[in-house]
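Biologist: I have a model open and would like a walk through it. Can you start with the overall layout and then take my questions as they come?

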Amino acid sequence: MKYTPPGGSGRVGLDRTAAHARVWVEDTGPGIPEAEQARIFERFYMAAGAESDVQPGTGLGLALARELTELHAGTLAVESRPGVGSRFVVTLPLVDAPVDRKSTRLNSSHLVISYAVFCLK
């Protein structure tokens with residue numbers, strides 16, 4: 001959503017199967033050319049036109065998000081078309097974890113959404 005122009009829009013969604021949760025974030029930004037889509041997850045790589053005074057960056061965000069996702073046995077992928085926008089999809093396996101009864105209970109959907117928002121900021 002960083003590159004969505006004024007008047008553009010963005011959406012976030014969540015769905016799940018018995019084994020996985022999937023969170024997606026999409027926007028109506030400029031999109032990413034197909035030839036550059038694999039490279040945007042490389043450290044310090046910035047797609048053509050991504051560097052600007054309005055939205056400065058280092059090219060680390062997506063690389064770190066993908067690495068963090070993979071450390072949790074998940075995937076981070078992009079679907080994009082220039083002039084239409086982009087969709088980033090985080091897929092994580094669902095696992096049953098012990099719950100501390102004294103703490104606030106969160107279901108796996110809450111955890112996945114929090115994780116995805118952190119990764120895709």
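Modeller: Read along the sequence, the pattern is β-β-α-α-β-β-α. That makes three helices and four strands; helices (H or I, at least four residues) and strands (E, at least two) are DSSP runs, numbered from the N terminus. This is a predicted model, where local features need pLDDT of at least 70, side-chain atom pairs count only at pLDDT 80 or more, and totals for chains, interfaces and linings use all residues. Residues are numbered from 1 along each chain as its sequence is written, and side-chain values use heavy atoms, with hydrogens and water left out.

Biologist: What order do the strands take in the sheet?

Modeller: The order is 1-2-4-3, in an open sheet of four strands with antiparallel pairing. Strands pair if DSSP finds at least two bridges between them. Strand 1 (10-16) and strand 3 are the edge strands, each pairing on one side only. On average, neighbouring strands of this sheet are turned by 15 degrees against each other, direction ignored. Axes here are lines fitted to C-alpha atoms, for helices over the stretch in contact, and angles run from 0 to 180 degrees between N-to-C directions.

Biologist: How many bridges join strand 1 to strand 2?

Modeller: Seven, and the two strands run antiparallel, with strand 2 covering residues 20-27. They form a hairpin with three residues between them.

Biologist: Which side chains of strand 3 are buried?

Modeller: L76, V78 and S80, which point to one face of strand 3 (residues 75-81). Buried means under 20% relative accessible area, exposed over 50%, and partly exposed in between (1.4 Å probe, protein chains only).

Biologist: What lies across strand 3 and strand 4?

Modeller: Helix 2 does, running at about 140 degrees to strand 3. T69 lies in this helix.

Biologist: Is T69 buried or exposed?

Modeller: T69 is buried, because its relative accessible area is 0%. Its side chain reaches the backbone oxygen of A65 at 2.7 Å.

Biologist: Which residues make up the largest nonpolar core?

Modeller: It has 10 residues: I32, I40, F41, Y45, A65, L76, V78, F88, V90 and L92. Such a core is a set of buried Ala, Val, Leu, Ile, Met, Phe, Trp, Tyr and Cys residues joined through side-chain atoms within 4.5 Å. Strand 3 and strand 4 each supply at least two residues of this core. Strand 4 gives the most, with three residues. In soluble globular proteins, nonpolar side chains tend to be buried together.

Biologist: Y45 is on that list. Where is Y45 placed?

Modeller: Y45 is in the loop between helix 1 (34-37) and helix 2 (61-71). With a relative accessible area of 18%, Y45 is therefore buried. Leaving aside neighbours within four places in sequence, Y45 is in contact (heavy atoms within 4.5 Å) with E36, R39, I40 and G59. The C-alpha atoms of Y45 and G59 are separated by 5.0 Å, although the two residues are 14 apart along the chain.

Biologist: Changing topic: what does H20 contact?

Modeller: Beyond its neighbours within four places in sequence, H20 is in contact with D15, T91, L92, P93 and L94. H20 sits in strand 2. H20 and P93 are 73 residues apart in sequence and 4.3 Å apart in space, C-alpha to C-alpha. H20 counts as partly exposed because its relative accessibility is 37%.

Terms used. Polar contact = N/O pair within 3.5 Å; in protein donor to acceptor, adjacent residues only side chain to side chain.
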